[in-house]
Amino acid sequence: MKSYQRRSPAKANNGSWTVSKSLYIVLAIAIGAVGLLAFDYQQANNFKTSLRKSAAASADNNNIGLVSSSGEEKDTLLLRTPEEVDGAVVSNGNKAAEVETAMGASNILSFHIMITCYFLRAYLTLYDIYSYAYLKHSLLTLFIHIVEIETPPSNNDISTAADIEIEQLSRTYPIWIDEKLADDSITHPYGWCVPEDIATATKNDDSPKGLIFVKVHKCGSSTGAGVTLRIRDNLSQRLSQLDQNAPANCFAHYEHAAASELQFQKRDPSQSFMWSIVREPAQRTLSHYFYFHISKQNHTATEDNILARLKSSDLQNYQSKYLDLPSQKSKSSTDRIINGYDFLAINERMEESLVVLAMLARIPFTDVVVLNSKLAGAYDGGNGKRCVKLKRKWTTPKIDKYILGDYRKANKDDYQLYDAAQRSLDKTIDALGRKRVEENIEVLKRLQQQNEEQCASEATMPCPEPEDESKKQEHMRLVKESCYFSDIGCGHACTDSVLADHAEEEWARITSSQGQVQ
């Protein structure tokens, strides 16, 4: 939202007049006015003192005496209170003349105040006319407006403008079910579940197909890949039991590769589903640095080194570049991504995102339950690669200050994408029913807890490897049985077994509510 600014007189007078000089003049007038009022006030006090002395002299000449509470006569009015003086003057018959004189002094004071206010108002009004601004009708609003001339638009105005843009860029994600296929008694409604010989996403053809997960580094990508593979395997099995024409295995893409490299902007929406996960940009960059440089390459983390990586051009707007789908239809990468993907999860809101993912995909919540493979303090590597302990990231006040300032400016595309994805998730939750989503989040938490309690100890992770060389080969065999690959989806067989009853109940409910799935 553009904040209104007056036209500066500098532009109308070749720089000989500036807003600052005008402000100084206004302040000088105000200071002068205060000085004038102070002078008038002092004059009034002097007049009153003179009045008292005159009254005292008059009282003495007429032998006017006042008696104190103790019965002693006071010999001078100069020591009396103002009330006593006034009484003496009245008793002497002189107060009328003195009051008239005092009123004259008061009128002079009021006159000076009036003249000062009119002069100040006249100056400000002339300034408004001179600077082609709207006229103000109040002395206070005029003065405040002059002070605000050099003030930049407030953060609230900027936030409002950004919020409006985010609202326009965001959207409500649709249900994945193909309604036309759902009405077809021959074809199943999960149009994106296609066999590998049809889904040529990895061959860069003109229309990639299948279940596509764009795996962005350090954005919960291991969790996302594990979920993608669980959906692929479990849905393939369920559909094959319902429909003999369904593919034995749904094809899924889950490798680290930028969307544009694999031509995903050309995918066939009717035969593919594409999703990804986005993360708060600064936290993603810090995790990227600590993972690849500190943990894996054993570099030393210092404040200067961290700042240098945050400023590195190759990491700026990393997510927007990685997820972008180049097209002539829109100049905004955020618009292309939000509308080009079927769903974007939020790393910091993973449970909400996974619940919405399952509800949109019409799959059991058990399909999005996976064991976390990468936690700070855990390990990475294995399967022939060196196991490394993951080190925790940290910052300093100086780093935090840079992130809140210059970093946000340099990564505005990533922040816009992140905010639009957040808003899109909220819109989708509202469309699905917030209360219903919250209830399902509790269901997912219970399933995750059950999976952790019963399968975490059963899963074999690539790291840490046994120190005994004779046991390493057997360890690698168990890892291959436990995980889809590397450390992705480890313990999935145990998860399927432990959550089988719940999965069967959910699938029965889903198929009955969809009408015809076969």
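These legends walk through several close-up views of a predicted model.

**Figure 1. The whole protein, to get our bearings.** The protein contains 19 helices and 8 strands. Its chain is 518 residues long, and 44% of these residues count as buried. Take the contacts between residues with a separation of 6 or more: 75% of them join residues 24 or more positions apart.

**Figure 2. An open sheet built from 4 strands.** Reading across the sheet, the strands come in the order S4-S3-S5-S6, and their pairing is parallel. At the edges sit strand S4 (252–253) and strand S6 (343–346), each of which pairs on one side only. Look next at strand S5 (residues 272–278), which runs parallel to S6 and is joined to S6 by 4 bridges. In one of these strand-to-strand links, serine 276 has leucine 344 of S6 as its bridge partner.

**Figure 3. Two helices that meet the sheet.** Helix H8 (residues 221–242) packs on the sheet, where it touches strand S3 (210–214), S4 and S5. The direction of H8 makes about 175 degrees with that of S3. Another helix to find here is H15 (residues 412–432), which lies across S5 and S6. The angle between H15 and S6 is about 100 degrees.

**Figure 4. The largest nonpolar core and a separate one.** In soluble globular proteins, nonpolar side chains tend to be buried together. The largest nonpolar core in this model has 75 residues. Those with the most contacts inside this core are Trp192, Val214, Trp275, Tyr341, Phe343 and Leu357. Helix H13 (residues 350–361) supplies the largest share of the core, with 9 residues. Apart from this core lies another, of 14 residues, which include Phe290, Ile306, Tyr402 and Ile403.

**Figure 5. The surroundings of tryptophan 192.** Which residues does tryptophan 192 touch, not counting residues up to four places away in sequence? Its contacts include Trp176, Ile231, Leu235 and Phe273. Also among them are Gly210, Leu211, Ser270, Gln271 and Ser272.

Figure 6. Helix H17 (residues 469–482) has 14 residues, which at 1.5 Å a residue should span 20 Å. The buried residues of H17 are His475, Val479 and Ser482. Seen down the helix axis, the buried residues fall within an arc of 65 degrees, so they line one face of H17. These buried residues pack against H18. On the other side of H17, you will find Ser470, Gln473, Lys480 and Glu481 exposed.

**Figure 7. Histidine 492 in helix H18.** Histidine 492 is found in helix H18. Is this histidine 492 buried or exposed? Histidine 492 counts as buried because its relative accessibility is 16%, and the cut-off for buried is under 20%. Leaving aside neighbours within four places in sequence, histidine 492 is in contact with Arg230, Glu481, Ser482, Cys483 and Tyr484.

Figure 8. With a relative accessible area of 19%, cysteine 494 is buried. Not counting residues up to four places away in sequence, cysteine 494 touches Gln454, Cys455 and Glu458. Finally, find alanine 456: cysteine 494 and alanine 456 are 38 residues apart in sequence, and their C-alpha atoms are 9.1 Å apart in space.

Notes:
Residues numbered from 1 in each chain as written. Predicted model: local features only at pLDDT ≥ 70, side-chain atom pairs only at ≥ 80, totals over all residues. Heavy atoms only, no water. Pairing = 2+ DSSP bridges. Contact = heavy atoms within 4.5 Å. Axes fitted to C-alpha atoms, helices over the stretch in contact; angles between N-to-C directions. Buried < 20%, exposed > 50% of the residue type's maximum accessible area, 1.4 Å probe, protein only. Core = buried A, V, L, I, M, F, W, Y, C linked by side-chain atoms within 4.5 Å. Expected span 1.5 Å × (residues − 1). Arc of directions from axis to C-beta.
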